[in-house]
Amino acid sequence: MNKVTELCRELRRNATPAEKLLWKELRKRNVGGERFLRQFPIFVAQGFGRKDFYIADFYCSVHKLVIEVDGPIHLMKKEYDDNRDIVMQELGFNILRFKNEEVYSDVDGVIEKILYWCMA
């Protein structure tokens with residue numbers, strides 16, 4: 001098994017409480033009948049014998065939609081997240097970001113925003 005797959009599996013096993021809560025809503029095509037994957041690797045570049053990738057918290061391939069759930073660690077890596085979003089948008093991906101607190105306090109509202117985006 002390759003290292004990317006191992007890393008994704010490890011991230012799935014150690015999901016944050018907010019990710020677990022959102023996954024309960026997204027799994028089994030519960031949102032608009034769309035299939036979402038979690039901790040999904042998105043390869044963005046390849047060269048010099050290596051592949052660069054980002055791991056999306058959640059991903060829907062039909063809409064090229066990446067959903068990120070941002071906890072406190074993201075406050076310290078704001079510039080990285082901004083750059084990542086730019087790269088992924090240039091590659092045609094769409095990104096929705098939600099803070100942990102938003103998922104905890106209004107998971108129905110988060111799902112509504114995702115569903116709205118998928119139906120647009």
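Why does asparagine 100 count as buried? The reason is its relative accessibility of 10%, since buried means under 20% relative accessible area, exposed over 50%, and partly exposed in between, with a 1.4 Å probe and protein chains only. Asparagine 100 belongs to helix 5, residues 100-105. Leaving out residues up to four places away in sequence, asparagine 100 touches Ala18, Val69, Asp70, Gly71 and Pro72, where contact means heavy atoms within 4.5 Å.

Colleagues, a word on the basis of these values. This is a predicted model, in which local features need pLDDT of at least 70 and side-chain atom pairs count only at pLDDT 80 or more, while totals for chains, interfaces and linings use all residues. Residues are numbered from 1 along each chain as its sequence is written, and side-chain values use heavy atoms, with hydrogens and water left out.

Let me turn to the chain as a whole. Its secondary structure consists of six helices and four strands; helices (H or I, at least four residues) and strands (E, at least two) are DSSP runs, numbered from the N terminus. Read from the N terminus, the order of elements is α-α-β-β-β-α-α-β-α-α. The C-alpha trace spans about 45 × 30 × 30 Å along its principal axes. For 120 residues, a compact globule would have a radius of gyration near 14 Å, and the chain agrees with its 14 Å; that radius is taken over C-alpha atoms, and the globule rule is 2.2 Å times the number of residues to the power 0.38.

Of the 120 residues, 39% are buried. Among contacts with a separation of 6 or more, 59% join residues 24 or more positions apart. The accessible surface is about 7700 Å², and carbon and sulfur atoms hold 53% of that area, as computed by the Shrake-Rupley method with a 1.4 Å probe, where for residues only the protein chains shown count as cover.

As for leucine 22, its contacts beyond four places in sequence are Phe58, Ile67, Val69, Val103, Val107, Val110, Ile111 and Ile114.

Which residues of helix 4 are buried? They are Asp81, Arg84, Asp85 and Met88. These residues lie on the same side of helix 4 because they cover an arc of only 100° around the axis, the arc being that of the directions from the helix axis to the C-beta atoms. The face turned away from this buried side carries the exposed residues Glu79 and Glu90. Helix 4 itself, residues 78-90, has 13 residues and reaches 18 Å from its first C-alpha to its last, close to the 18 Å expected at 1.5 Å a residue; the expected span is 1.5 Å times one less than the number of residues. After helix 4 comes glycine 92, with a positive phi near 95°.

Arginine 29 has a positive phi of about 55° and sits in the loop between helix 2 and strand 1 (37-47). With a relative accessible area of 49%, arginine 29 is partly exposed, and its contacts beyond four places in sequence are Glu34 and Arg35. Lysine 64 has a positive phi of about 50° and is placed in the loop between strand 2 and strand 3. Lysine 64 is partly exposed as well, at 30%.

Finally, glutamate 112 is part of helix 6 and counts as exposed at 60% relative accessibility. Glutamate 112 and glycine 32 are 80 residues apart in sequence, and their C-alpha atoms are 9.9 Å apart in space.
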